[in-house]
Amino acid sequence: PVLYKRVFQGWEPDDKHNMAVERTLSIIKPDGVEKNKIGNILARFESAGLRIAALKMAHLSRAEAEGFYYVHKARPFFGELTEFMSRGPVVISVLEGADAVAKNRELMGATDPAKAAPGTIRKDLATSVGENTVHGSDSAENAAWEIAYFFAGSELT
Ligand code: ADP
């Protein structure tokens, strides 16, 4: 529901309190699972106020990884990326909360761990631009597509 605040002679939307509640898709990539960092990473989401609305572990086939990263198929690193993403299990989750897309991107840090801000997941845990430990949707629109790629509506709590 939209919250209202009292203004002179009437009401107007209280934008300070009307942050968008969003959902975003997160993947703990094979390197994060191999390093035993699942709990570490999920704790960061929860500590930041993001609710885990769905959660599963899966070992993606090469074809499933290619389908997920379809938008990158013309990039030179597509083969390397899809081989990496299918080399071992991943943890896929739906995170929900105020500005979830941007909040998750902030927690993740820059794509290249060397350029990621201190205290971010990629700075603390990742080793290279390819093996950068986490994926996060980059827009609410892409999040909707990515969530539907991995979860049926009935799996979202
Ligand atoms: P992000 O995951 O931060 O949104 P991109 O959408 O640009 O970044 O890239 C998707 C994924 O492709 C990255 O997370 C990374 O795993 C891989 N990737 C990006 N750039 C490179 C690169 N130059 N070499 C190898 N892998 C890369």
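How many bridges pair E4 with strand E5, residues 90-98, and in which sense? Seven bridges, antiparallel. Pairing here requires that DSSP finds at least two bridges between two strands. Strands are DSSP E runs of at least two residues, helices are H or I runs of at least four, and both are numbered from the N terminus.

Some ground rules. This is a predicted model, so I take local features at pLDDT of at least 70 and side-chain atom pairs at pLDDT 80 or more, while totals for chains, interfaces and linings use all residues. Residues are numbered from 1 along each chain as its sequence is written, and side-chain values use heavy atoms, with hydrogens and water left out.

Back to the sheet. It is open and has four strands, in the order E4-E5-E3-E6, with antiparallel pairing. Strand E4 (51-58) and strand E6 (134-136) are at the edges. Each has a single partner strand, so one side of each has no neighbour in the sheet. From one strand to the next, the twist averages 20°. Angles run from 0 to 180 degrees between N-to-C directions, with axes as lines fitted to C-alpha atoms, for helices over the stretch in contact.

Helix H7, residues 140-150, lies across strand E3 (21-28), E4, E5 and E6. Its angle to E3 is about 55°.

There is also a hairpin, made by E1 and E2 with two residues between them. Strand E1 is residues 4-7 and strand E2 is residues 10-13; four bridges join them, antiparallel. Lys5 has Glu12 in E2 as its bridge partner. In the turn, Gln9 has a positive phi of about 50°.

Next, the core. The largest nonpolar core has 18 residues. By nonpolar core I mean a set of buried Ala, Val, Leu, Ile, Met, Phe, Trp, Tyr and Cys residues joined through side-chain atoms within 4.5 Å. Buried is under 20% relative accessible area, exposed is over 50%, and partly exposed is in between, with a 1.4 Å probe and protein chains only. Leu25, Ile27, Met85, Ile92, Val94, Phe150 and Phe151 have the most contacts inside this core. E3, E4, helix H3 (62-68), helix H4 (78-85), E5 and H7 each give two or more residues to it. H4 gives the largest share, four residues. Another core lies apart from it, with 13 residues, among them Val33, Ile41, Phe45 and Val134.

Contact means heavy atoms within 4.5 Å. Beyond its neighbours within four places in sequence, Ile92 contacts residues including Leu25, Ile27, Leu55, Phe150 and Phe151. Met85 is in helix H4. At 1% relative accessibility, Met85 is buried. Not counting residues up to four places away in sequence, Met85 touches Ile27, Lys29, Pro30, Leu60, Ala65, Tyr69 and Val90.

On to backbone angles. Most residues other than glycine have a negative phi. Asn36 has a positive one, about 65°. Asn36 is in the loop between helix H1 (30-34) and helix H2 (38-47). Is Asn36 buried or exposed? Exposed, with a relative accessible area of 70%.

Thr133 also has a positive phi, near 70°. Thr133 is in the loop between helix H6 (121-125) and E6. At 1% relative accessibility, Thr133 is buried. The side chains of Thr133 and Asp31 make a polar contact of 2.8 Å. A polar contact is a pair of N or O atoms within 3.5 Å; within protein, one must be able to donate a hydrogen and the other to accept it, and residues adjacent in sequence count only if both atoms are side-chain atoms.

Last, the ligand. Which residues surround the ligand? Lys29, His72, Phe77, Glu80, Leu81, Arg105, Thr111, Arg122, Val129, Gly130 and Asn132. The cut-off there is a heavy atom within 4 Å. A polar side-chain atom of Arg122 is 3.1 Å from a ligand oxygen atom. For Asn132, a polar side-chain atom is 2.9 Å from an oxygen atom of the ligand. Gly130 uses its backbone: an N or O atom there is 2.9 Å from a ligand oxygen atom.
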